[in-house]
Each structure stands twice: as C-alpha cells, then as structure tokens.
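The entries below follow the order in which I looked.

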Amino acid sequence: LAALGAMALGMCAPLRVWAQVTWNRAAFEARSALEALRALGAQSASESRDILIDAPQIAENGALVPIDITSQLAGTRTISVIAEKNPFPLAARFEFRDGALPYARVNLKLSESTLVRVVVEAGTRVYQHAREIKVTAGGCGN
C-alpha cells in the first residue's frame, strides 16, 4: 500500500512541475497594469490591429462582460487579457501549441469602466491592442 501511495505521488509530481513552469505568479498577483505588463515582458509591446477584440462598448452589468479575442498574427503562442482598473489586472492568459487556433472567449468581471488590453506573444515579438469598455453597473463589490 505504501508503494502504491509513493507511486501516486510520483505521478502527480510532473503535473505540479508543469503548472509551476507555465503559471506566471508575478503577473497574476500584480496590482497594476504596468506591473502585469512587466511580469509578462510586454511593457514595450508593439501596437497591432491583427489582434481582434469583440466586446461591447457599453456593458450594462460589469459582473459579466463577454469578450472574444482572435489573433491573426502568425506563430501566436500566448494571449493575455488585462483589465487595467481591476484590483488584479491580469484576468486571463492562454497558451497555444503549433496549429491551434489563436482564439479565446472570456467573461470578465469589471469593477468600473476600463481599458481592456490584449497582449499577444507571436514568434519572437510581443504585440498589444486595447479597447475601452464602459460599465454602467459595477461587477466587483457591487
């Protein structure tokens, strides 16, 4: 029985290692958009219109704001979503393997009207595109 328990722990270890490698703790714990961008290595990202953000201009309820994101940049590896005025701005980060469609749909909870910035790593470069979303009823703490 002890051997079975040790074997089970050994099988879980690779999953823990993988999670630690792919999860950017500093970026998700950042308290400002600038801190999150720095942790992602995206503070000097180039503007790109090849990042498509489909989101409402005005969200009647900040508790549920649907956003569709598509990257038309070749070699897209990651898509990160930053809601600049949220208490923890980095809302989501998606990783894509070769051949995966670089598309993501997220439902954000926005505390107030804010700029939503999408950061894309493609090839060896980092790109960004932003969209202002006005919130008429707050979602965080309201």
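How many helices and strands does the secondary structure of the chain come to? I found three helices and nine strands, where helices (H or I, at least four residues) and strands (E, at least two) are DSSP runs numbered from the N terminus. Read along the sequence, the pattern is α-α-α-β-β-β-β-β-β-β-β-β.

Before going further I noted the conventions: the model is predicted, local features need pLDDT of at least 70, side-chain atom pairs count only at pLDDT 80 or more, and totals for chains, interfaces and linings use all residues. Residues are numbered from 1 along each chain as its sequence is written, and side-chain values use heavy atoms, with hydrogens and water left out.

**Entry: the chain as a whole**

I looked up burial and found that 38% of the 142 residues count as buried; buried means under 20% relative accessible area, exposed over 50% and partly exposed in between, with a 1.4 Å probe and protein chains only. The accessible surface of the chain comes to about 8,400 Å², of which 55% belongs to carbon and sulfur atoms; the areas come from the Shrake-Rupley method with a 1.4 Å probe, and for residues only the protein chains shown count as cover. Of the contacts with a separation of 6 or more, 65% are between residues 24 or more positions apart, a contact being heavy atoms within 4.5 Å.

**Entry: the cores**

Which residues touch the most other members of the largest nonpolar core? They are Ile51, Ile67 and Ile133, in a core of 23 residues; such a core is a set of buried Ala, Val, Leu, Ile, Met, Phe, Trp, Tyr and Cys residues joined through side-chain atoms within 4.5 Å. Strands E2 (51-54), E4 (65-71), E5 (76-83), E7 (103-108), E8 (114-122) and E9 (125-135) each give two or more residues to this core, and E8 gives the most, with four. I also noted a second, separate core of twelve residues, which includes Ala33, Ala36, Val119 and Val126. In soluble globular proteins, nonpolar side chains tend to be buried together.

For Ile67 I listed the contacts, leaving aside neighbours within four places in sequence, and found Ile53, Asp54, Ala55, Ala104, Arg105, Val106, Leu108, Val116 and Ile133.

**Entry: strand pairing**

I then traced an open sheet of three strands in the order E2-E4-E7, with antiparallel pairing, where two strands pair if DSSP finds at least two bridges between them. E2 and E7 are the edge strands, each pairing on one side only. Four bridges join E2 to E4, and Asp54 stands opposite Asp68 in E4.

Turning to E5, I found that seven of its eight residues are buried. Seven bridges join E5 to E8, and the two run antiparallel; the bridge partner of Val81 in E8 is Val118. Strand E6 (residues 90-95) is also antiparallel to E5, with five bridges between them, and Ile82 stands opposite Leu90 in E6. E5 and E6 are joined by a hairpin through six residues.

**Entry: His129**

Is His129 buried or exposed? His129, which lies in strand E9, is buried, with a relative accessible area of 12%. Its side chain and that of Glu47 are joined by a polar contact of 2.6 Å, that is, a pair of N or O atoms within 3.5 Å; within protein, one must be able to donate a hydrogen and the other to accept it, and residues adjacent in sequence count only if both atoms are side-chain atoms. The side chain of His129 also reaches the backbone oxygen of Ser48 at 3.5 Å. Not counting residues up to four places away in sequence, His129 touches Glu47, Ser48, Arg49, Ile51, Ile53, Val116, Arg117 and Val118.

**Entry: two loop residues**

Ala74 lies in the loop between E4 and E5, and at 70% relative accessibility Ala74 counts as exposed. Which residues does Ala74 touch, not counting those up to four places away in sequence? Ala74 touches Ala122 and Gly123; the C-alpha atoms of Ala74 and Gly123 are 7.3 Å apart, although 49 residues separate the two in sequence.

Ser44 is in the loop between helix H3 (33-40) and strand E1 (46-47), and Ser44 is exposed, with a relative accessible area of 66%. I noted a C-alpha separation of 8.5 Å between Ser44 and Tyr127, which are 83 residues apart along the chain.
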